[in-house]
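Here is a friendly walk through one protein model. Keep the picture open while you read, and look up each residue as it comes along.

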Amino acid sequence: MKKPIMAIIYDFDKTLCTSDMQNYGFIPSLGMTPDEFWGQTGEFSAKTGVERILSYMFMMIKLAKEKGISLNKKWLNTLGKDIVYFNGVETWFKRINEYGKNCGVKIEHYLVSSGTQEIINGCSIAKEFKEIYGCEFYYDPITNEPVWPKLAINYTQKTQYFFRISKGVKKNEDDNKVNEKTVGRRIPYENIVYLGDGMTDVPCMVLVKKNGGKSIAVYNKKDRKNVSSLLRGERVNFACVADYSENSDLENTIKLIIDSVAINYILKKKEENLLKKELKNNKGE
């Protein structure tokens, strides 16, 4: 019997890793603190009206050039090794995939981040994702230096990837395929889970929840205030400490969702088979 597919979509910064990814290696290489870098980014955005994601991408190019740093893909990839994850993240994917397999459910992991994809590509868990969607630079083919944003993803633009993933539209395929009316989705909405950490994930959290999927707010156990408002506002289904270790509350919650996907699939197939049988009997009469 064909297996149902379940997609888990993750934010990255403060969801899988403990801080903004630029804070680990990139910003220290500039001789700056995170407060200084993000402060200058905010000031530039406020002064110019440039959208905040585009602002941080601009400031990465500007400040790296001022410091004489070659901001090429290879160097950015090396910064992925500096990322610090929440407990259990690096073994999480294997455990969840195995549990899904035992339940007859195929698990696919997707990353949708407003962070820098070139950094993500160099991290230890990059290989775990079927697709990674992040902010990318366009590089001059001669100098290999970034000259323009290739892709920028802010908190509202993240929502398109819910539909893209559901329809099975690949990363570089025509965007028109995302907007076309579809009969039969590769991954039903109710088989999609979204994991995020806060207010910037709200559009995706609400979209997934309203369409029958499950939204989970993860949080640092020292700071729960951000998720309290999400729960009270019914924007998420669950809130769990960002602990991805074995037998954690988050793992047990995901396992329950996998169980429900497996059961719903069996029940749906049973209904379909009974209907086919009934139609066949009526035709024989």
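A residue is called buried when its relative accessible area is under 20%, exposed when it is over 50%, and partly exposed in between (1.4 Å probe, protein chains only). The model is a predicted one, so local features need pLDDT of at least 70 and side-chain atom pairs count only at pLDDT 80 or more, while totals for chains, interfaces and linings use all residues. Residues are numbered from 1 along each chain as its sequence is written, and side-chain values use heavy atoms, with hydrogens and water left out.

**Charged partners**

Side chains of opposite charge can pair when their charged atoms come close. A salt bridge here is a side-chain nitrogen of Lys or Arg within 4 Å of a carboxyl oxygen of Asp or Glu, and the count comes to 10 salt bridges. Three of them are listed below.

| Pair | N to O distance |
|---|---|
| K158 and D11 | 2.9 Å |
| D82 and K81 | 3.9 Å |
| E108 and K106 | 3.5 Å |

Where in the chain do K158 and D11 sit? K158 is in the loop between strand 4 (146–151) and helix 7, and D11 is in the loop between strand 1 and helix 1, so the pair links distant parts of the chain, 147 residues apart. For these names, helices (H or I, at least four residues) and strands (E, at least two) are DSSP runs, numbered from the N terminus. K158 is buried at 3% relative accessibility, and D11 is buried too, at 5%. A network of salt bridges links D11, K158 and D201.

D82 is partly exposed at 29%, whereas K81 is exposed at 62%. E108 is buried at 4%, whereas K106 is partly exposed at 41%.

**Rings that meet**

Rings of Phe, Tyr and Trp (its six-membered ring) pair if their centres lie within 6.5 Å; planes under 30 degrees apart count as stacked, over 60 as edge-to-face and the rest as tilted. By that rule there are 14 aromatic pairs. F37 is buried at 0% relative accessible area, while W38 is partly exposed at 23%. Another edge-to-face pair joins F93 and F129, at 5.3 Å and 75°. F93 belongs to helix 5 (residues 89–102) and F129 to the loop between helix 6 (117–120) and strand 3 (131–139), 36 residues apart. Both of these residues are buried. Ring pairs also link F26, F37, W38, Y56 and W75 into a cluster.

**Helices and the core**

Helix 5 has 14 residues and spans 21 Å from first to last C-alpha, close to the expected 20 Å; the expected span is 1.5 Å times one less than the number of residues. Its buried residues include W92, F93 and I96. After helix 5 comes G104, with a positive phi near 80°. In helix 7 (residues 160–167), 6 of the 8 residues are buried, among them Y161, F162 and I165.

A nonpolar core is a set of buried Ala, Val, Leu, Ile, Met, Phe, Trp, Tyr and Cys residues joined through side-chain atoms within 4.5 Å. The largest one has 84 residues, and F12, L195, Y244 and I254 have the most contacts inside it. Helix 3 (residues 52–66) gives the largest share of this core, 8 residues.
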